[in-house]
Amino acid sequence: MLDLASLTELLAQPKKIVITTHHKPDGDAMGSSLGLYHYLVQLGHHAKVIAPTDYPDFLAWMPGNEEVIIYTENLQQSATLIAEADLIFCLDFNALGRINEMGELVRQSSAYKVMIDHHLDPEDFDDYRHWDIRACATAQLVYDFIADVLNKKELVSKDVATCLYTGILTDSASFRLPNTTSAVHRIAADLIDAGAVNWRIHELIYNSSSENRLRFLGHCLANRLEILPEFNTAIIWVTKADLDQYDSNTGDTEGIVNYALSIGSIKLAAFIVDRKDKVKLSLRSKGEFPANDICKRYFEGGGHRNAAGGQSADTLEGTINKFKSILPEYKKLLIQ
Ligand code: 5GP
Ligand code: MN
């Protein structure tokens, strides 16, 4: 274990530091990682962000992006950095399985491990933890960690602020989810004061689609949306052929599930997509409905109450049917 005094002392001298995050990184994963990266580099640390897999193009504009190492494309370099690190920051995940084969390398490394995260049920692999499930984003916790825990608010530079703002924006679904408290808005204001150009970040994240991506969304809404009124539930499903037809890349399906949730009566929305090796589910819910409970119990996944994910080794059709067959069990919560 590492107490705060020891961690502060460690960070007082330049160290070899790896920052990593969950596979298929989203805006919060990359935003919190690069935000922390810019903070540590200012202090003279030798820091590297290693992403377990690639991530969508709409995140590739963030400052520091060109310095990110993608594990699957740089196996040897990543393994060496992890083995030789003094400290490893694990951001936006709390179980080593979420970083695929990198998990074993991190476990075996003699580096101190620091977890900064907001997911339920953390595994016990870390030496120091800044963890709070009430946080709307890991980027919010990174801001707390820098400003309140380490007392270094003055080191929140324009680059740090830009990346952390992106994490908060994307994980709070544009300041819409119930965990978007007044404290979150105050942090967002601090980040804007520190140099984050909020309107530009919104534009880069949400208004930078390709034509194909917009047409793919149209196809999903016109031909792949099924409403189950008796359960206040909506499903959007996507076949392998759909992905091919619209040349869908990593991240192109991100956010489509939210359109299903935008119908007033809908409490639970599922996006079910037939990927190369498995069927992947993304669930979103309104209010108290525990989307993560369904993912955890039935789809080898988890997540937050209102945003969760999982997978299935079954066919697309089998997975859709399994999802539908589970709904009666949750009917009470869905129709209240
Ligand atoms: P998404 O639907 O965007 O893929 O994921 C939404 C949230 O669900 C993520 O922030 C993550 O917390 C969680 N999640 C997604 N997939 C998985 C999974 O396979 N396992 C676990 N434990 N959580 C997941
Ligand atoms: Mn997150």
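The model is predicted: local features need pLDDT of at least 70, side-chain atom pairs count only at pLDDT 80 or more, and totals for chains, interfaces and linings use all residues. Residues are numbered from 1 along each chain as its sequence is written, while chains are lettered from A and ligands numbered from 1 in the order in which they are written.

**Overall build**

- The chain holds 14 helices and 12 strands. Helices (H or I, at least four residues) and strands (E, at least two) are DSSP runs, numbered from the N terminus.
- Its radius of gyration is 20 Å, close to the 20 Å from the globule rule for 336 residues, so the chain is as compact as a globular protein of that length. The radius is taken over C-alpha atoms, and the rule is 2.2 Å times the number of residues to the power 0.38.
- The C-alpha trace spans about 60 × 40 × 40 Å along its principal axes.
- Of the 336 residues, 43% are buried. Buried means 20 or more other C-beta atoms within 10 Å of the residue's own; exposed means 12 or fewer; partly exposed lies in between; C-beta atoms are placed from the backbone.
- Among contacts between residues at least 6 apart in sequence, 64% join residues at least 24 apart. A contact needs C-beta atoms, placed from the backbone, within 7 Å.

**Annotated span and parallel sheet**

- UniProt, in an unreviewed entry, lists residues 16-168 as "domain: DDH". UniProt positions are given in the numbering used here, feature names are shortened, and annotations may be inferred rather than shown by experiment.
- Residues 16-168 are 37% helix and 19% strand, and the end C-alpha atoms lie 27 Å apart.
- Six strands make an open, parallel sheet in the order β3-β2-β1-β4-β5-β6. β3 (69-70) and β6 (128-131) are the edge strands, each pairing on one side only. Two strands pair if DSSP finds at least two bridges between them.
- Five bridges link β1 (residues 16-21) to β2 (residues 46-51) in the parallel sense. Ile17 has Ala47 as its bridge partner in β2.
- Helix α5 (residues 138-149) lies across β4 (87-91), β5 (112-117) and β6, at about 120° to β5. Axes are lines fitted to C-alpha atoms, for helices over the stretch in contact, and angles run from 0 to 180 degrees between N-to-C directions.

- β10 (residues 279-285) and β12 (residues 307-312) run antiparallel, joined by six bridges. Lys280 is bridged to Gln311 in β12.
- β11 (residues 302-303) pairs antiparallel with β12 over two bridges. Gly303 is bridged to Ala308.
- A hairpin of three residues joins β11 to β12.

- In α12 (residues 291-298), Ala291, Asn292, Ile294 and Cys295 are buried. They cover an arc of only 160° around the axis, which puts them on the same side of α12. The arc is that of the directions from the helix axis to the C-beta atoms.
- The buried residues of α12 pack against β9 (268-274), β10, β11, β12 and α13 (316-326).
- Phe299 is in the loop between α12 and β11. Phe299 counts as buried because it has 23 C-beta neighbours inside 10 Å.
- Setting aside neighbours within four places in sequence, Phe299 contacts Leu281, Ile294, Gly310, Gln311 and Ser312.

Note on methods
Contact = placed C-beta atoms within 7 Å.
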